[in-house]
Structures are given as C-alpha cells and as structure tokens.
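Subject: Structure handover

Dear colleague,

I am passing on the structure that I have been looking at, and below it you will find notes on what turned up. Please read them with the structure open beside you.

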Amino acid sequence: MYKEQKLIVESDKELVDGIKSGNSIVLEEIYKKFFPIIKNLVCKNSGNQDEAKDIFQETMIIVYEKIKSNPEPLQCSLKTFYYSIAKRLWLKKLNGKGFKSISISDSEDVIEVVEELKDAFEKDEEIKKMNFALGFLGEPCKSLIEDFYINEMSLNEITEKFGYSNSDTAKTQKYKCLMRLRRFYFSETK
Amino acid sequence: MKNEDKLEQLEKYLMGEMSPEDAVAFEKMLERDEELLIFTENHAKMIESFMLVKERQKLKNSMEKIHLHNFSFEKVDDKIEVVETKTQEPKVFKISYWKIASIAASVALIISLGAVFTFQAINGGIKNSAFKSLRRDLDKIKRSHNILVQNLEVESEKKGSATISSFGGSGFAISNNGYIVTSYHVVKGGDSVFVENSFYQKLRVKVLMVDPKNDIAILKVDDSNFNSWENIPFVLKTRKADLGENVFTLGFPKDEVVYGEGSISSNNGYNGDSASYQISIPINPGNSGGPLLDDKGNIIGIISGKETETDATGFAIKTSLLLDIISKIEKDSTLEKPLLKKSPVLNGLKRPQQLKKMQEFVFNVKVYN
C-alpha cells in the first residue's frame with residue numbers, strides 16, 4: 001500500500017502547494033528528493049550521517065514554517081532554498097564545534113537566508129520559553145496542558161486518561177493548570 | 001459563569017469557533033473589561049506558542065517515519081506505521097490581532113466599572129504552587145518524607161551469600177508475563193534487584209523503566225526459574241477515589257507481609273499535590289512501592305511515602321501516572337507487551353479471601369548494591 005502511493009511531483013509549485021496544505025505524500029517526496037543533497041553537503045564537509053539528518057530536519061522545519069506563513073512565492077528554486085539554509089546551519093554548527101575559517105565549495109546555487117534564520121531563532125526561543133514554563137508545572141498539570149493544547153486531546157479523553165470523575169472536573173483542572181502555567185510563562189522577562 | 005467556562009468561551013473566540021453573534025457579544029465584553037482584554041491578548045500569545053510546538057512536533061514525527069523508512073540502514077519492521085496519507089487540514093488559527101489591538105486602544109481611556117470576572121490566582125497562590133512543583137523532585141521527597149526504604153540488616157551471615165542487602169521496599173505484579181511495579185526510590189542506585197515472598201524464594205528482576213519525577217519504577221522478572229504467572233488478581237483503575245473511601249495495602253515493612261487499612265483522607269497528596277492521594281493507613285518503612293487498593297480490590301495507587309510530623313498519614317501516587325509509563329512500554333516495540341488484567345477477580349470477595357489471592361503477587365523488593 002505504501003509503495004503505490006508514490007506521487008511524482010514535478011514542479012516546485014506543486015511541492016510548495018503540498019507544503020502549504022500539509023500533504024504528507026509531498027512531505028515524503030521532498031524528503032527523498034532533498035535529503036541526499038544535504039547529506040552530501042554535510043558528509044563532504046566533516047559531518048556524518050546523523051548530523052546530516054539533524055541539519056536536514058532542521059532545514060525542513062525552517063522551510064515549512066517560512067512557506068506556510070508567507071503568501072508570497074519563493075524567489076528561488078526550492079532546491080536552492082533548502083541548500084542555502086542547510087549550508088548556513090551546518091556552518092554555524094561547525095563554528096560551534098571549533099572549526100575555524102571553513103569554506104564549503106558549493107555544488108548548488110546559494111542565496112541569502114538571514115531573515116529565515118532569524119525567524120527560526122526567534123521561534124526556537126519561544127519554544128524554549130514555553131518548555132521552560134511547562135517544566136515548572138509538574139505533573140499531572142504538564143501532561144494535562146500538553147495533551148489538551150498540543151496533542152489535541154479532548155476534555156473527554158483527558159477525563160478518562162487522568163481518571164477524573166467527569167469532564168467538568170477535567171475542565172476545572174485544565175483551568176487551574178493553565179493559570180499556573182501563565183504565571184511561569186509571563187513571569188519570565190524577555 | 002465559572003472562570004473555567006469563561007476560559008472555554010475565550011478559547012472558542014480565539015480559535016474562531018464562536019458563532020458570529022457570540023463573537024460580537026464577546027468583543028463587546030472585551031471593550032468593557034480591560035482585565036479580560038489583557039488576559040485575552042496574553043492567552044493568544046500562549047495559544048500561538050502551543051501551535052508552534054504542535055506543528056513542529058507533527059512535522060518531526062512524520063520526518064522520523066520517512067527517514068526510518070527510506071534512509072535507515074537498520075532492519076525496518078514492516079508493521080511500522082507509515083505517514084498518514086490523509087491530508088489533514090490544519091486547524092486554522094483565526095485570531096485577529098488588529099482587532100484586539102483596536103479594542104485595546106479604544107478601551108485605554110475607559111474605566112472599567114467592576115470587572116465582569118477576574119482571573120486571579122486560584123486558591124493558594126504562588127507560594128503553594130511553587131512548592132507543589134518541587135514535590136516531584138525526589139530529593140525533596142527525601143527531605144520532606146520519611147523515605148520508606150527499609151534498611152535491611154546485613155543478611156550475608158544468615159544466607160552465606162557474599163552480597164549485602166542494602167535496602168528494600170514493596171512491589172506488586174501487574175501482568176502474567178512478569179511486570180512488577182514499585183517506587184523509583186526503592187530501586188534507585190541498586191545494582192541488582194530481587195523480589196521474594198512466601199511463594200517465591202528469590203526472583204531476579206531487572207529495572208525496565210523508571211519515572212523519577214513521579215517516583216515509579218517498572219521491573220520485569222528476569223530469572224531462569226520463571227515462566228509466567230497465572231491469575232494475577234490486580235486490575236488498574238484510574239477512577240478517582242472518593243474521599244473517605246476504604247482502602248488497603250499489603251507490603252513488607254518487615255520480612256513478612258503486613259496488611260494495612262484506612263481510607264482516602266484527601267484527594268491531594270503532600271501540600272496539595274494532585275498526583276497523589278493522602279491516606280490514613282499507618283505506613284512504615286518498607287511499605288513504599290506497595291499497592292493501594294479500593295474495597296473491590298482494584299489498584300488505585302502506589303504507596304509512596306508519609307509525612308514526618310504526623311502519624312498515620314501516608315501518600316500514594318495515583319494510578320493514572322502508572323498507566324502513562326505502561327503506555328510507554330506498550331509503544332516500545334523492543335519490549336514485551338505487558339498484558340494487563342481487565343476483569344476484576346477480587347470484587348465481591350471478603351477481605352481475607354482477597355488477601356489470599358493477592359499474596360502471591362505482592363513482593364518484598366530487595367535491592368543490593
């Protein structure tokens with residue numbers, strides 16, 4: 001079943017549309033198409049398979065967030081976009097590992113992606129902040145909040161999972177936990 | 001309207017799930033109530049943050065599956081679930097900041113005449129909640145409670161064994177294929193762990209998974225003398241126990257099994273910790289990790305500790321947290337699935353009969369290091 005669902009997507013436009021609608025076949029298509037390129041980039045420049053995977057998946061997230069939030073079409077090919085972001089990320093990683101003055105000889109076109117990386121960095125910080133606040137919550141509040149707001153569980157499912165007597169209790173618990181989370185989340189100054 | 005209902009309304013509004021009429025009414029309310037407005041703005045920020053985490057998590061999960069399927073060199077189990085082929089419409093986040101901002105601007109000069117409702121720190125305030133979160137910290141448990149690890153005497157002389165039994169607690173079997181539950185603090189730091197009772201001389205177990213935060217450990221029998229059990233009598237119940245409900249436990253505060261009974265004295269544990277019950281069973285060192293059962297013989301918790309200042313005040317971790325860790329084991333394809341009992345065996349029996357059926361499956365957990 002899995003194999004037959006292969007979809008040959010030709011142009012960038014179809015891929016970009018697929019990204020926007022969250023199409024999982026397109027996601028797989030993109031993964032298979034671009035991962036080898038990024039793997040090549042990382043492995044040819046002092047990296048290994050695992051690092052290539054991390055860099056590629058990080059790149060994926062940046063590309064997805066950019067395309068989903070930005071109605072304007074890309075100014076370059078998807079391939080160039082992937083390559084440019086992955087290259088920046090990898091250089092940053094190498095720098096962090098103490099490699100000095102590295103140069104990567106490009107096999108692909110490269111564009112400037114400062115804006116994208118800045119956005120991604122801000123989002124990382126936001127997520128850190130939320131995780132930090134969640135970390136303070138303790139159980140079962142943390143799980144309850146995550147289940148409701150992140151894992152899309154309904155109050156009924158939560159009632160069952162946490163063994164509350166009815167969904168009103170779950171609602172009250174959720175409220176209490178959220179109020180606590182707010183204190184941790186907003187008490188931290190930026 | 002209760003605060004939690006207001007929150008529900010507000011979330012409906014933010015998610016665009018409110019009918020247009022209700023939305024207008026809600027906005028009217030925002031205009032009148034500055035406190036609510038600020039709350040809404042802040043809540044929108046948090047919802048946005050949750051969305052971000054959610055989207056990333058989904059993408060990450062899908063990518064892991066794709067990677068495993070296409071680029072992993074390890075043998076891939078055919079049963080591995082592939083990415084969902086259904087195109088999921090993401091929930092649209094319809095919050096309109098400009099709208100809230102414009103309301104905010106127009107409200108700036110209006111003095112709100114008595115807040116419709118106030119989102120205030122609920123019962124207890126910060127001091128209490130900070131303490132609650134510390135509760136899960138094991139070191140804290142150590143300091144605040146008598147850690148119920150029994151300091152066993154050196155047994156080497158008696159048994160002629162070279163190993164020294166250093167501490168112990170209680171545990172109970174939850175599945176016929178050898179899964180045993182105890183407290184994390186009982187097995188923490190031990191090199192080898194054994195369980196025993198009057199039916200089983202000594203079974204070697206390995207510590208399979210631990211949840212230090214909730215003080216739970218899952219053990220599995222790893223002994224050549226063991227095949228499987230029959231007739232495990234325990235059913236795990238997540239139903240919330242009622243205040244005053246009769247509860248009982250079996251455990252090993254000494255080398256012989258000891259019965260204790262009492263009732264649920266509070267729905268929350270130490271300093272209001274909602275992850276545990278407070279119970280009026282006299283708890284002694286060595287009781288940790290034992291089962292807490294209701295009248296019908298369902299497991300509703302794991303004995304975890306007691307308060308130092310008062311007698312006969314014990315605490316038990318609620319079963320829902322145990323089920324969390326069990327579901328982790330169930331999801332891990334490298335581990336044998338624990339086969340939990342669903343049909344109650346002990347229900348309707350008199351207490352002595354219940355205890356008879358249970359005794360084979362409550363263990364003295366001995367930890368050597």
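In what follows, two residues are said to be in contact, or to touch, if their C-beta atoms, placed from the backbone, lie within 7 Å. Please also bear in mind throughout that this is a predicted model.

I begin with one serine of chain B. Ser304(B) has its place in strand β11 of chain B, which covers residues 298–306. Not counting residues up to four places away in sequence, Ser304(B) touches Ser183(B), Asp215(B), Ser276(B), Ser288(B), Phe315(B), Ala316(B) and Ile317(B). Ser304(B) counts as buried because it has 33 C-beta neighbours inside 10 Å.

Asp215(B), which is one of the residues that Ser304(B) touches, sits in the loop between β4 (203–211) and β5 of chain B. Its phi is near 60 degrees, which is a positive value in a residue other than glycine. Asn231(B) likewise has a phi near 60 degrees, again positive in a residue other than glycine, and is placed in the loop between β5 and β6 (235–236) of chain B. Is each of these two residues buried or exposed? Asp215(B) is buried, as 27 other C-beta atoms lie within 10 Å, whereas Asn231(B), with 10 other C-beta atoms within 10 Å, is exposed.

In soluble globular proteins, nonpolar side chains tend to be buried together. The largest nonpolar core here has 53 residues, and those with the most contacts inside it are Phe172(B), Ile180(B), Val247(B) and Leu292(B). Strand β5 of chain B (residues 216–221) supplies the largest share of this core, namely five residues. Apart from that core lies another one, of 29 residues, and among them are Leu15(A), Ile67(A), Ala86(A) and Ile66(B). To return to Phe172(B), its contacts, leaving aside neighbours within four places in sequence, are Ile180(B), Val181(B), Phe234(B), Gly290(B), Pro291(B), Phe361(B), Val362(B) and Phe363(B).

Chain A has eight helices and zero strands. Of its 190 residues, 36% count as buried, and among contacts between residues of this chain at least 6 apart in sequence, 57% join residues at least 24 apart.

Helix α2 (residues 24–43) and helix α4 (residues 78–96) of chain A pack at an angle of about 35 degrees, their axes being 10 Å apart, and the crossing is right-handed. Here Phe34(A), Ile37(A), Ile38(A), Leu41(A) and Val42(A) of α2(A) meet Lys79(A), Tyr82(A), Tyr83(A), Ala86(A), Lys87(A) and Trp90(A) of α4(A). By class, this contact of α2(A) with α4(A) holds nine nonpolar, no polar and two charged residues.

The axes of α2(A) and helix α3 of chain A (residues 49–69) come within 9 Å and cross at roughly 125 degrees, which means that α2(A) is oblique to α3(A). This crossing, too, is right-handed. On the side of α2(A), the residues are Phe35(A), Ile38(A), Lys39(A), Val42(A) and Cys43(A), and they meet Gln49(A), Glu51(A), Ala52(A), Ile55(A), Phe56(A) and Thr59(A) of α3(A). These residues divide into seven nonpolar, two polar and two charged.

The peptide bond from Glu139(A) to Pro140(A) is cis, with omega near 5 degrees, and Pro140(A) is found in the loop between α5 and α6 (141–150) of chain A.

Finally, there is the meeting of the two chains, in which 49 residues of chain B are in contact with 45 residues of chain A. Which element gives the most to the side of chain B that touches chain A? Helix α3(B) does, with 17 residues. By class, that side of chain B has 18 nonpolar, 17 polar and 14 charged residues.

The axes of α5(A) (residues 114–137) and α3(B) (residues 34–71) come within 10 Å and cross at roughly 105 degrees, so α5(A) is roughly perpendicular to α3(B). Lys123(A), Glu126(A), Ile127(A) and Met130(A) of α5(A) make this contact with Ser49(B), Leu52(B) and Val53(B) of α3(B).

With best wishes

Technical notes: Residues are numbered from 1 along each chain as its sequence is written. Chains are lettered from A and ligands numbered from 1 in the order in which they are written. This is a predicted model: local features need pLDDT of at least 70, side-chain atom pairs count only at pLDDT 80 or more; totals for chains, interfaces and linings use all residues. Axes are lines fitted to C-alpha atoms, for helices over the stretch in contact, and angles run from 0 to 180 degrees between N-to-C directions. Helices (H or I, at least four residues) and strands (E, at least two) are DSSP runs, numbered from the N terminus. Angles under 35 degrees count as roughly parallel, over 145 as roughly antiparallel, 65 to 115 as roughly perpendicular and the rest as oblique. Ala, Val, Leu, Ile, Met, Phe, Trp, Tyr, Cys and Pro count as nonpolar, Asp, Glu, Lys and Arg as charged, and the others, Gly among them, as polar. A nonpolar core is a set of buried Ala, Val, Leu, Ile, Met, Phe, Trp, Tyr and Cys residues joined through C-beta atoms within 7 Å. A residue is buried if 20 or more other C-beta atoms lie within 10 Å of its own, exposed if 12 or fewer, and partly exposed in between; C-beta atoms are placed from the backbone. A crossing is left-handed if the near helix is turned anticlockwise from the far one by less than a right angle, and right-handed if clockwise.
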